[in-house]
Amino acid sequence: NNWSLKIAGEFKSDNYKDKLLENSVLIKLKSKIDFLGYVSGTDKEKLFEKSDVLVLPSYGEGLPLSILEALFYNVAIVTTKVGANKENLDRITNLITPGDIKALSTEIENLILDREYLELRKEQSLKLSEQFTFTAFKEQLLPIYQTIDK
């Protein structure tokens, strides 16, 4: 019972949001769901600081900035096998096939109900975030630049 769902981002139309809220399951849970719209700056930082899980069930992405930000904030990631997610995130999450609603809901349920599993995923996220710092990129790129003839 101790959870809430914050939906960040803009909908293409208000009709879609209204249609979601007509869903019989969501009607029962409406008091636990907040539609935040587009979130940026300190509001985004505060949201990440208070979050345990980021869910981004995308059908097509490169490597979403929101995921990289969530890693830094020690947030467990639930996302799909698209773009660079496959190469970068398979060690920290069970990547979901796009459109596989059952697998998506099972992963979310596991993170809500199993505190140990949630903490493991959060620790893995924080560890992976170390690979995406400025220092890490500098250490990877510097040897390449040093091989270039001047």
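From the N terminus on, the elements run β-α-α-β-α-β-α-β-α-α-α-α. That order holds eight helices and four strands. Both kinds are DSSP runs numbered from the N terminus: helices are H or I with at least four residues, strands are E with at least two. The model is predicted: local features need pLDDT of at least 70, side-chain atom pairs count only at pLDDT 80 or more, and totals for chains, interfaces and linings use all residues. Residues are numbered from 1 along each chain as its sequence is written, and side-chain values use heavy atoms, with hydrogens and water left out.

**Whole chain**

Show the C-alpha atoms. They fill a box of roughly 65 × 35 × 30 Å along the principal axes. Colour by accessibility next. Of the 150 residues, 24% count as buried. Buried means under 20% relative accessible area, exposed over 50%, and partly exposed in between (1.4 Å probe, protein chains only). Now turn to contacts, meaning heavy atoms within 4.5 Å. Among contacts with a separation of 6 or more, 49% join residues 24 or more positions apart.

**The cores**

Select Phe 48, Leu 54, Ile 67, Ala 70, Leu 71, Val 75, Ile 77, Leu 89, Ile 92, Leu 95 and Leu 128. These eleven residues form the largest nonpolar core. Such a core is a set of buried Ala, Val, Leu, Ile, Met, Phe, Trp, Tyr and Cys residues joined through side-chain atoms within 4.5 Å. Helix α4 (residues 65-72) gives the largest share, three residues. A second, separate core has seven residues, including Ala 76, Val 78, Leu 111 and Leu 118.

Which residues does Leu 71 contact, leaving aside its neighbours within four places in sequence? They are Ile 77, Leu 89, Ile 92, Ser 125, Leu 126, Leu 128, Ser 129 and Phe 132.

**α6 against α7**

Select residues 101-113 (α6) and 115-129 (α7). Their axes come within 5 Å and cross at roughly 105°. Axes are lines fitted to C-alpha atoms, for helices over the stretch in contact, and angles run from 0 to 180 degrees between N-to-C directions. Glu 107, Asn 110, Leu 111 and Leu 113 of α6 make the contact with Arg 115, Tyr 117, Leu 118 and Arg 121 of α7.

Stay on α7 and pick Lys 122. Is Lys 122 buried or exposed? Lys 122 counts as buried, at 9% relative accessibility. Beyond four places in sequence, it contacts Asp 52, Asn 74, Val 75 and Ala 76.

**Two loop stops**

Go to Asn 74, in the loop between α4 and β4. Its phi is positive, about 65°, although it is not a glycine. Most residues other than glycine have a negative phi. Asn 74 is partly exposed, with a relative accessible area of 25%.

Thr 80 lies in the loop between β4 (76-79) and α5 (85-89). Thr 80 is buried, at 2% relative accessible area. Leaving aside neighbours within four places in sequence, its contacts are Leu 56, Pro 57, Ser 58, Asn 85, Leu 95, Ile 96, Thr 97 and Pro 98.

**Last helix**

Select residues 134-146, helix α8. Its 13 residues reach 18 Å from first C-alpha to last, close to the 18 Å expected at 1.5 Å a residue. The expected span is 1.5 Å times one less than the number of residues. Look for the bend of about 25° at Gln 140; Pro 143 follows within four residues. The bend is the angle between axes fitted to the seven residues ending there and the seven starting there.
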